[in-house]
Amino acid sequence: MNATRLAWVLTLAFWLFSAMVHSQTTPTKSPEFDHHAIHVRDLAKSVEFYEKVMGLEKIPEPFKDGRHIWFRVGPHSQLHIVGGATEISTQPIDVHMAFRVASITDFMAHLDKMQVKYRSFKGDDKMNTRPDGVHQIYFQDLDGYWIEVNDGKY
């Protein structure tokens with residue numbers, strides 16, 4: 001086999017090998033969000049908060065150990081509540097979970113009825129408006145986790 005033909009065969013073999021390795025290690029689409037877990041002090045009170053204040057639906061969880069409760073937060077996403085924390089979370093407001101509602105004013109009325117205090121991001125008002133026109137409010141759950149509720153349309 002002459003040198004040109006050997007170089008061509010080696011180049012082709014390297015290209016095929018590289019394509020095969022790349023196709024096995026590079027996902028065809030980006031990962032999708034699955035769940036967010038929070039660690040809480042009082043599981044029963046936190047479950048009540050997320051059911052009554054947020055209106056979330058409990059879903060089956062596989063552990064069955066009395067420490068985990070799962071909620072549906074979208075068609076394919078969940079919030080996992082895990083009991084056993086010994087202190088309140090001390091995260092800045094920048095670290096938050098966000099939920100979208102059809103009417104922010106209706107949700108604010110619901111929070112008022114439930115006596116849950118809410119604020120704007122900066123804390124200088126009850127609600128703020130993002131540059132794209134989406135209205136937002138922020139509040140904390142019983143363990144100090146920040147929650148944003150907005151009226152984004154996606």
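Is Phe 71 buried or exposed, going by its relative accessibility? Phe 71 comes out at 0%, so it counts as buried. Keep in mind that this is a predicted model.

- Four strands make an open sheet in the order 1-4-3-2, and the pairing is mixed.
- Strand 1 (35-40) and strand 2 (57-59) sit at the edges with a single partner strand each, so one side of each has no neighbour in the sheet.
- From one strand to the next, the twist averages 35°.
- Strand 1 runs parallel to its partner, strand 4 (residues 77-83), and six bridges join the two.
- Across from Ile 38 you'll find Ile 81 of strand 4.

**Helix 2**
- Helix 2 covers residues 43-52, and its buried residues include Leu 43, Ser 46, Val 47, Phe 49 and Tyr 50.
- These residues span an arc of only 160° around the axis, which puts them on the same side of helix 2.
- Asp 42 caps the N-terminal end, with a side-chain oxygen 3.2 Å from the backbone nitrogen of Ala 44.

**Rings**
- Searching the whole structure turns up five aromatic pairs.
- One of them is Phe 49 with Tyr 50, an edge-to-face pair at 5.0 Å centre to centre and 80° between the planes.
- Tyr 50 also pairs with Phe 71: the centres are 6.3 Å apart and the planes at 40°, so this pair is tilted.
- Elsewhere, Lys 126 lies over the face of Tyr 118, 4.8 Å from the ring centre.

Technical notes
Residues numbered from 1 in each chain as written. Predicted model: local features only at pLDDT ≥ 70, side-chain atom pairs only at ≥ 80, totals over all residues. Heavy atoms only, no water. Buried < 20%, exposed > 50% of the residue type's maximum accessible area, 1.4 Å probe, protein only. Arc of directions from axis to C-beta. Polar contact = N/O pair within 3.5 Å; in protein donor to acceptor, adjacent residues only side chain to side chain. Pairing = 2+ DSSP bridges. Axes fitted to C-alpha atoms, helices over the stretch in contact; angles between N-to-C directions. Phe/Tyr/Trp six-rings, centres within 6.5 Å; stacked < 30°, edge-to-face > 60°. Lys NZ or Arg CZ within 6 Å of the ring centre and 35° of its normal.
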